[in-house]
Amino acid sequence: MVDQERIAEIATYYRALDEGAILRHHFRHADEEGGLWYIEAVPDRGELIVIKQAELTSVGQLHRYSWEHLEDERGGLTDQAIDPAEDPLEAIPAEDFQRVWTR
């Protein structure tokens, strides 16, 4: 059974980060299957927290995750902070992220 109260708490946290963000970072990552991941992250307590992520699969399917849609049968918004110095991420302009996110 899914804990609806916990899900609501998580969504509230990500929503507050999204709505209160002054500084946003955008990244892209290619996965082993040929898909591209687009990420929007904001700083929180010394870490970069992913608040939006979009997967564009190798066959052109788009899956989006944010506080409004945390997860589904294909995946979900990561709950891990990212570290651009350690993670294989490419910084991209906000416009590149938005072009995919609003597709």
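This report describes the strands, the nonpolar cores and a few selected residues of the structure shown above.

The structure is a predicted model, in which local features need pLDDT of at least 70 and side-chain atom pairs count only at pLDDT 80 or more, while totals for chains, interfaces and linings use all residues. Residues are numbered from 1 along each chain as its sequence is written, and side-chain values use heavy atoms, with hydrogens and water left out.

## Strand S3 and its partners

Helices (H or I, at least four residues) and strands (E, at least two) are DSSP runs, numbered from the N terminus. Two strands are said to pair if DSSP finds at least two bridges between them. Strand S3 pairs with S2 in the antiparallel sense over nine bridges, and S3 also pairs with strand S4 (residues 62-65), again in the antiparallel sense, over four bridges.

In the hairpin of S2 and S3, two residues lie between the strands, and Arg45 takes a positive phi near 55°; Asp44 has Glu47 in S3 as its bridge partner. The hairpin formed by S3 and S4 has five residues between the strands, and Gly60 in its turn has a positive phi of about 90°. Ala54 has Arg64, in S4, as its bridge partner.

A residue is called buried under 20% relative accessible area, exposed over 50%, and partly exposed in between (1.4 Å probe, protein chains only). Because nine of the 10 residues of S3 are buried, this strand is largely enclosed by the rest of the structure.

## The nonpolar cores

A nonpolar core is a set of buried Ala, Val, Leu, Ile, Met, Phe, Trp, Tyr and Cys residues joined through side-chain atoms within 4.5 Å. The largest one has 17 residues, and those with the most contacts inside it are Tyr14, Leu17, Phe27, Ile39, Leu77 and Ile82. Helix H1 (4-20), strand S2 (36-44) and strand S3 (47-56) each supply at least two residues of this core, and the largest share, four residues, comes from S3. Apart from this core lies another, of six residues, among them Tyr38, Ala54, Val100 and Trp101.

## Selected residues

Contact means heavy atoms within 4.5 Å. Leaving aside neighbours within four places in sequence, Leu17 is in contact with Val42, Asp44, Ile49 and Ile51. Ile49 itself has its place in strand S3, and, not counting residues up to four places away in sequence, Ile49 touches Tyr13, Tyr14, Leu17, Glu40, Ala41, Val42, Asp44 and Ala81. Ile49 and His25 are 24 residues apart in sequence, yet 9.7 Å apart in space, C-alpha to C-alpha.

Asp18 has its place in helix H1 and, with residues up to four places away in sequence not counted, touches Arg24, Glu40, Ile51, Lys52 and Trp67.

| Residue | Relative accessible area |
|---|---|
| Ile49 | 11% |
| Asp18 | 12% |
| Phe97 | 0% |
| Trp101 | 14% |

## An aromatic pair

Rings of Phe, Tyr and Trp (its six-membered ring) pair if their centres lie within 6.5 Å; planes under 30 degrees apart count as stacked, over 60 as edge-to-face and the rest as tilted. A search of the whole structure finds two aromatic pairs. Phe97 and Trp101 form a stacked pair, with 5.7 Å centre to centre and 15° between the planes. Both residues lie in helix H2 (residues 94-101), where Phe97 and Trp101 are four residues apart, about one turn of the helix.
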